[in-house]
Amino acid sequence: MNVYRLDLNDVVQHPGRRVEYPIEVRLEREEAPPLAEPIRGVLVAESGGRILRLYGRFETTVWLECGRCLSYFQLPVAFEIHEEFPLVGTPAGLSAYGYAEVEDRDSFPVFEGNHLYVDDLLRQYLLLELPIAPVCKEDCKGLCPTCGQNLNEGACSCAPKAGHPAFEALARAWYSED
Ligand SMILES: [Zn+2]
């Protein structure tokens with residue numbers, strides 16, 4: 001398991017401080033879609049004294065399975081994150097004996113003390129960006145229901161099915177016109 005743990009204590013203890021963290025992570029957990037590219041971007045952490053703000057823009061490319069032809073294809077995904085976490089305690093930057101800590105009451109917490117699990121946070125946002133019914137392209141022809149051939153790669157021998165003789169004759173006339 002590849003855990004990307006970011007220590008934000010310096011920002012948390014210093015109200016007004018703003019730090020940019022260049023991020024490049026791969027998601028290793030089973031529930032994440034396979035990534036063709038790592039998630040890349042810049043995470044900005046900013047302390048307002050009582051609030052820790054996190055924001056940034058990220059990009060990646062994921063592998064998805066087409067719901068029609070069942071082949072895997074790559075989909076570029078870009079997303080922005082905006083998060084605010086309350087801080088409890090007096091920041092050390094304001095009082096010699098102070099210590100502030102992030103309060104993360106989410107049912108899927110991404111903080112442990114003042115350490116942020118960046119991969120968990122980014123995974124939550126990425127999953128929201130993925131299409132519910134992915135298709136490799138708008139006009140994907142899918143699979144032949146009879147033989148299972150991928151019709152994007154050409155027609156199979158069972159399609160088109162033999163139609164009414166009148167239509168067959170019509171089709172023959174149409175195709176022989178030129
Ligand atoms: Zn497809």
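Reader: How many bridges join E3 to E4, and which way do they run?
Author: E3 and E4 are joined by 10 bridges and run antiparallel. Strands (E, at least two residues) and helices (H or I, at least four) are DSSP runs, numbered from the N terminus. Two strands pair if DSSP finds at least two bridges between them.

Reader: What kind of model is this?
Author: A predicted model: local features need pLDDT of at least 70, side-chain atom pairs count only at pLDDT 80 or more, and totals for chains, interfaces and linings use all residues. Residues are numbered from 1 along each chain as its sequence is written.

Reader: Back to E3 and E4. Which residue stands opposite Arg-40?
Author: Glu-59 in E4. In the hairpin of these strands, with 3 residues between them, Gly-49 has a positive phi near 95°.

Reader: And E4 to E5, how many bridges?
Author: 15, again antiparallel. Thr-60 faces Val-77 in E5 there. This hairpin has 6 residues between the strands, and Leu-70 takes a positive phi near 65°.

Reader: What's the order of the open sheet?
Author: E2-E3-E4-E5-E6, 5 strands with antiparallel pairing.

Reader: Why is one side of E2 and of E6 left without a neighbour?
Author: Strand E2 (18-25) and strand E6 (101-102) stand at the edges, so each has a single partner strand.

Reader: Which helix packs on the sheet?
Author: H2 (residues 118-129), touching E2, E3, E4 and E5. Contact means C-beta atoms, placed from the backbone, within 7 Å. The direction of H2 makes about 125° with that of E5. Axes are lines fitted to C-alpha atoms, for helices over the stretch in contact; angles run from 0 to 180 degrees between N-to-C directions.

Methods:
Contact = placed C-beta atoms within 7 Å.
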